[in-house]
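Subject: Structure handover

Hello,

Here is the structure I promised to pass on. Please open it and keep it beside this email while you read.

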There are 2 protein chains.
Amino acid sequence: MTKFSFQSLKEFTRNVFLAIGCDRDDAELASDVLLSADLRGVDSHGVARLIGYVRLWEGARINGRPEVGVVHETPGTAVVDGDKGLGLVVAPKAMEIAIDKARQVGTGWVAIKNSNHFGIAGYHAMMALEHDMIGIAMTNASPLVAPTFSVERLLGTNPIAVAIPADKEPPFVADFSTTTAANGKLEILQRKQEEAPIGWVQTNEGQASTDPGVLKKGGALLPLGGDRDHGSHKGYCLGSIVDIFSAILSGANYGPWVPPFVSFLPVSDDPVGEGIGHFVGAMRVDAFRPGHEFKQHMDNWIGRFRSAKTVNGQESVYIPGDPERISEEKRKKEGIELLPAVVSDLHSLADKFDLSLPSD
Amino acid sequence: MTKFSFQSLKEFTRNVFLAIGCDRDDAELASDVLLSADLRGVDSHGVARLIGYVRLWEGARINGRPEVGVVHETPGTAVVDGDKGLGLVVAPKAMEIAIDKARQVGTGWVAIKNSNHFGIAGYHAMMALEHDMIGIAMTNASPLVAPTFSVERLLGTNPIAVAIPADKEPPFVADFSTTTAANGKLEILQRKQEEAPIGWVQTNEGQASTDPGVLKKGGALLPLGGDRDHGSHKGYCLGSIVDIFSAILSGANYGPWVPPFVSFLPVSDDPVGEGIGHFVGAMRVDAFRPGHEFKQHMDNWIGRFRSAKTVNGQESVYIPGDPERISEEKRKKEGIELLPAVVSDLHSLADKFDLSLPSD
């Protein structure tokens, strides 16, 4: 593991985005979104993915200088065409539109097509917080998940993030994939040569499996719940709703047609839409009741849950967003540790674009 | 088991609601909502609960003739005060308001306070379908669920329903509690004297349990996922979001303060809001893209998922709403079978209100 300061890693990332044609503002925004994942402890969605974005740009699947625009709107809704831009840039721009609309009519909802991977959903949802709004963000993703009773992979890990402002307490920030476990956790197990719990994955014939490498053998991730007895049909519902809101409302690809993040896998030659899809929303809390009342009750909710009596051996009940916030505070000060494989990818990017990779 | 025709059971239910003071329209609406659960195979939320509503009315916790009104609104949002009315009546009225607002500005969102149990969430969400809108409904409920790492019961089964229109295919209708399994399934196991799968419930000390009767001993239902390794923190997030949207946006009780459905348990003497809360929404699909385009892509989505290759022994991958629709078609024709305990409750209601209970 090599440790980097947040600032140096962010500067490097910004320079890579500049090198693939982003303008200054977009490069700044994209690096802010990407690094927020490393800060918040979602290592699978941070600089570890930087080389993946560059490969998509090399394959002409990402446009470094997109014209992101609204193609349809009503007072409370819009559809945004991402022009094949980085989702890291397209999604926050769409979220700004949702926030503007919420200012006007109470809530704003934007479906986005023709985009790419948008980093962590939580970043976009949290943009609403400073406006005393609830933020919501979701996206579809590469098909790796088998619906209940299916052996075919028809859905992505399709995450949902919801950020809710509080008063003195930190905000409530839920950000989770709609599968039992996301891909990053399988990669960790593979490195450690450990087994996955039953309920995370299945084989290419739909049998329960503990092999964390089973996705490479045609296996699939499982929807939250794991199997029918444990409610996998509910995880399948959630993943489907994310897919439909993100792609059928917007005109993006959905289900098995979603273009894969990894550039070495082919995209469908019979697409049903454009790029991948996201869906974001903002709701003004004072469109429902006075903001201070809402936030004081949120404090009360958070305080009550955090102080709940715990199961033996557990320190406390977490409020959604607690672990990520603690990681962010720590890593901003102490730096971000990266795995050798990730550092090696960054070195190859430094070589490619003639950049220096600082370390501290 | 005794079988009743849908019509006779509905008429009886309507007469019971008339007897507790509902006017004709409300009695008709409430019986329509309640019976839709029996038709759709959600037996735990249908006439089996009728006596429970009557007991709440006897305990002055339900107002048979409420003045349901908007207490705050913007072009796209409203808060509705249910005036202690039947949730079966309050929720559809709030949904009508959401649909009206969606007609005006693209989407409409209504938070409801001072209400009671609203039957199946799916009924309210499905109201949007005939308007070519996506419908969403959720509610908080009696605290029976322990968040991850908690031994205390702080959340309800807090269901979410999302109904999405299609063209030639039947609509997509997801309607599910945010727990691994809902209470009704535990009752079935108790009657059969069978064990619950691990992941459904825990003991009063937070240990995994297979005892379907453990809730009576201070145990708790578990959030979707079951335990931390299987993503219970995600189910906890979902249940929390439903609680906050339903009650903190509206001014209802939340978390452990939610008044229990059963009349023999006391309500909190230190309430944080009024009654229980719901949250409903409607989104016009043509606020995003032309309605026929959207619905044709929904048909394509549904067709692709339903025809997916299945795990050995499974006939097909279900589309959310399939099992309930099949049940509805069958029971409308063939009648509704009720357990002896439910029939006995209906007889006691018939005696109480001097009604006759028809059977076929």
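Asp132(B) is partly exposed, because its relative accessible area is 30%. Keep in mind that this is a predicted model. Asp132(B) forms a salt bridge with Lys295(B). The closest N and O atoms of that pair are 3.1 Å apart. Asp132(B) sits in the loop between α5 (121–126) and β5 of chain B, while Lys295(B) belongs to helix α8 (residues 291–306) of chain B, so the bridge ties together parts that are 163 residues apart in sequence. Lys295(B) counts as buried, because its relative accessibility is 16% and the cut-off for buried is under 20%.

How many salt bridges does the structure hold over all chains? There are 44.

Take Lys101(B) and Glu73(B) next. Their side chains meet in a salt bridge, at 2.8 Å from N to O. Lys101(B) lies in helix α4 (residues 87–105) of chain B and Glu73(B) in strand β2 (residues 69–74) of chain B, so this pair connects parts 28 residues apart in sequence. Lys101(B) is buried, with a relative accessible area of 9%. Glu73(B) is partly exposed, at 47% relative accessibility.

Now go to chain A. The side chains of Asp322(A) and Arg306(A) meet in a salt bridge of 2.8 Å, N to O. This pair links distant parts of the chain: Asp322(A) is in helix α9 (residues 322–334) of chain A, Arg306(A) is in helix α8 of chain A, and they are 16 residues apart. Is Asp322(A) buried or exposed? Asp322(A) counts as buried, because its relative accessibility is 5%. Arg306(A) is partly exposed, with a relative accessible area of 25%. Both residues belong to one network, in which salt bridges that share partners join Glu169(A), Arg306(A), Asp322(A), Arg325(A) and Glu329(A).

How the two chains meet

The same surface serves both copies, and 100% of the contact residues of chain A recur in chain B.

In the interface, 89 residues of chain A are in contact with 89 residues of chain B. The two chains bury about 7200 Å² between them. Of that area, 69% is on carbon and sulfur atoms. In chain A, Phe149(A), Lys234(A) and Phe288(A) lose the most area to chain B, together 11% of what that side buries.

The rule finds two salt bridges across the interface of chain A and chain B. The side chains of Glu152(A) and Arg304(B) meet in a salt bridge too, at 2.7 Å from N to O.

Ser150(B) is worth a look here. Ser150(B) lies in the loop between β5 (133–139) and β6 (160–164) of chain B. Ser150(B) is buried, with a relative accessible area of 0%. Leaving aside neighbours within four places in sequence, its contacts include Ala308(A), Lys309(A), Thr310(A) and Gln202(B).

Thr178(B) is in the loop between β7 (172–176) and α6 (183–192) of chain B. Thr178(B) counts as buried, because its relative accessibility is 2%. Beyond its neighbours within four places in sequence, Thr178(B) is in contact with residues including Thr157(B), Pro223(B) and Gly239(B).

Gln193(A) has a phi near 55 degrees, a positive value in a residue other than glycine. Gln193(A) is in the loop between α6 (183–192) and β8 (201–202) of chain A. Gln193(A) counts as exposed, at 75% relative accessibility. In chain B, Gln193(B) has a positive phi of about 55 degrees. Gln193(B) is exposed, with a relative accessible area of 74%.

Gly303(A) is in helix α8 (residues 291–306) of chain A. The C-alpha atoms of Gly303(A) and Trp257(A) are separated by 44 Å. Along the chain these two are 46 residues apart.

Finish at the surface. Val262(A), Phe264(A) and Leu265(A) form a nonpolar patch there, with about 300 Å² of accessible area together. Val262(A) lies in the loop between α7 (232–248) and β11 (276–284) of chain A.

Best wishes

Note on methods: Residues numbered from 1 in each chain as written. Chains lettered and ligands numbered in written order. Predicted model: local features only at pLDDT ≥ 70, side-chain atom pairs only at ≥ 80, totals over all residues. Heavy atoms only, no water. Patch = residues over 30% accessible without salt bridge, like charges linked within 9 Å, V, L, I, M, F, W, Y side chains within 5 Å. Areas by Shrake-Rupley, 256 points an atom, 1.4 Å probe, with all protein chains shown as cover. Salt bridge = Lys/Arg side-chain N within 4 Å of Asp/Glu carboxyl O. Helix = DSSP H or I, 4+ residues; strand = E, 2+ residues; numbered from the N terminus. Buried < 20%, exposed > 50% of the residue type's maximum accessible area, 1.4 Å probe, protein only. Contact = heavy atoms within 4.5 Å. Buried area = accessible area lost by both parts, 1.4 Å probe.
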